[in-house]
Amino acid sequence: MPYPMEGLPHQVTIYEVGPRDGLQNESAVVPVEVKAEFIHRLADAGHKVIEATSFVHPDWVPQLADAGELFARVHRKPGVRYPVLVPNLRGLDRALELQADEIAVFASATETFAAKNLNRSLESQFDMFEPVVARALDNGLKVRAYVSMCFGDPWEGPTPVKQVVAVGERLLGLGCHELSLGDTIGVGTPGHVTALINAFRTPERLAVHFHDTYGQALSNTLAALEAGVTTVDASTGGIGGCPYAGSATGNLATEDLVWMLQGLGIETGLDLGKLVSTSVWLAELLGRPSPSRVVQALSKG
């Protein structure tokens, strides 16, 4: 039986990142047919947004070298969005060739991570994004923007709120419809989440992306919902991390998030049983148990 809390949204969109952000951090390359089946299972479980892959150079992320083949294999279900991550104009060209209708770009809130992840400075990273966003919008695509290291950076320490807002507002100003605030190394806490979201002029255009390094992902999500956010990134089974930040552990597990939201009476449109079955199936293929506590509990039951 749900027990609602005042001040929370009635419905939340779960932006599923498992096929991209989850599988990119695997040590072994997952076969393309498995990735396609994973995406199809997620759509069958009720997901309306599934980030399918990334058109990144294979030298950067070898696990996603099959992005073109995978996207061509996906049977796109009506009513479901299948955004793809693109790092530059070449990535956008590939996305357009395969008739993607939504993309995402990936920025950094800190100088060091911009250098390590993008080979750019905090300022010059926008030289990459501006033409990509402009061309995507000209071609009728929706554009999402990620900002990583929003709460802390393993090299620089805590990230100043004003610095995150400056990067984020600039991306929104380019025409991105949504901005995902990433706690890449999982150091955020609820008060910090509230302060950061409240510092933005348009919290309704924000999403949150939490890693569970210190077990704070669900409490941080609740704080974000209380602050007006209605889109939450999550990864089925809790798989994922960041190949350019060794201290980043798995993403917030979709099943753990759905369990909390159901208990609050918040609608997601997702079938928890199908998500658990998908995670058990994937865990067997990956050769290790799912880190999701809900998957562990329900699969044993």
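Gly186 sits in the loop that links strand 8 (178-183) to helix 8 (190-198). Helices (H or I, at least four residues) and strands (E, at least two) are DSSP runs, numbered from the N terminus. The model is predicted: local features need pLDDT of at least 70, side-chain atom pairs count only at pLDDT 80 or more, and totals for chains, interfaces and linings use all residues. Residues are numbered from 1 along each chain as its sequence is written, and side-chain values use heavy atoms, with hydrogens and water left out.

- Gly186 is buried, with a relative accessible area of 1%. Buried means under 20% relative accessible area, exposed over 50%, and partly exposed in between (1.4 Å probe, protein chains only).
- Leaving aside neighbours within four places in sequence, Gly186 is in contact with His211, Thr213 and Tyr214. Contact means heavy atoms within 4.5 Å.
- Gly186 and Ile39 are 147 residues apart along the chain, and their C-alpha atoms are separated by 26 Å.
- Val12 lies in the segment before strand 1 (13-16). Val12 is buried, with a relative accessible area of 2%.
- Not counting residues up to four places away in sequence, Val12 touches Leu225, Thr230, Val232, Leu261, Ile266, Glu267 and Thr268.
- Ala52 belongs to the loop between helix 2 and strand 2 (53-54). Ala52 is buried too, with a relative accessible area of 0%.
- Ala52 touches Pro19, Arg20, Ile39, Leu70, Phe71, Pro83 and Val84, with residues up to four places away in sequence not counted.
- The C-alpha atoms of Ala52 and Val17 are separated by 7.6 Å, and the two residues are 35 residues apart along the chain.

**Nonpolar cores**

- The largest nonpolar core has 84 residues. Such a core is a set of buried Ala, Val, Leu, Ile, Met, Phe, Trp, Tyr and Cys residues joined through side-chain atoms within 4.5 Å.
- Val84, Ile103, Leu171, Leu179, Leu181 and Ile197 touch the most other members of the largest core.
- Helix 2 (residues 32-44) gives this core its largest share, 7 residues.
- Another core, of 6 residues, lies apart from it, and Val17, Val49, Leu85 and Ala104 are among its members.
- Leu179 touches Ala145, Val147, Gly168, Leu171, Leu172, Phe200, Arg205, Leu206 and Ala207, not counting residues up to four places away in sequence.

**Helix 6 and its partners**

- The axes of helix 6 (residues 125-138) and helix 7 (residues 161-173) come within 11 Å and cross at roughly 25°. Axes are lines fitted to C-alpha atoms, for helices over the stretch in contact, and angles run from 0 to 180 degrees between N-to-C directions.
- Helix 6 and helix 7 are therefore roughly parallel to each other. Angles under 35 degrees count as roughly parallel, over 145 as roughly antiparallel, 65 to 115 as roughly perpendicular and the rest as oblique.
- Their crossing is right-handed. A crossing is right-handed if the near helix is turned clockwise from the far one by less than a right angle, and left-handed if anticlockwise.
- Gln125, Phe126, Phe129 and Glu130 of helix 6 meet Val167, Arg170 and Leu171 of helix 7.
- The residues of this contact divide into 4 nonpolar, 1 polar and 2 charged. Ala, Val, Leu, Ile, Met, Phe, Trp, Tyr, Cys and Pro count as nonpolar, Asp, Glu, Lys and Arg as charged, and the others, Gly among them, as polar.
- Helix 4 (residues 89-97) and helix 6 have axes that come within 9 Å and cross at roughly 20°. Helix 4 and helix 6 are therefore roughly parallel, and their crossing is right-handed.
- Leu89, Leu92 and Asp93 in helix 4 meet Pro131, Val132, Arg135 and Ala136 in helix 6. By class, that contact has 5 nonpolar, no polar and 2 charged residues.

**Helix 9 and its surroundings**

- The axes of helix 9 (residues 217-226) and helix 10 (residues 254-263) come within 11 Å and cross at roughly 50°. That makes helix 9 oblique to helix 10.
- This crossing is right-handed. Leu218, Thr221, Leu222 and Leu225 of helix 9 make the contact with Asp256, Leu257, Met260 and Leu261 of helix 10.
- The contact of helix 9 with helix 10 has 6 nonpolar, 1 polar and 1 charged residues.
- Ala217, Asn220, Thr221, Ala223, Ala224 and Leu225 are buried in helix 9.
- The cover over the buried residues of helix 9 includes strand 8, helix 8, strand 9 (206-210), strand 10 (231-234) and helix 10.
- Gly228 follows helix 9 and has a positive phi, near 110°.
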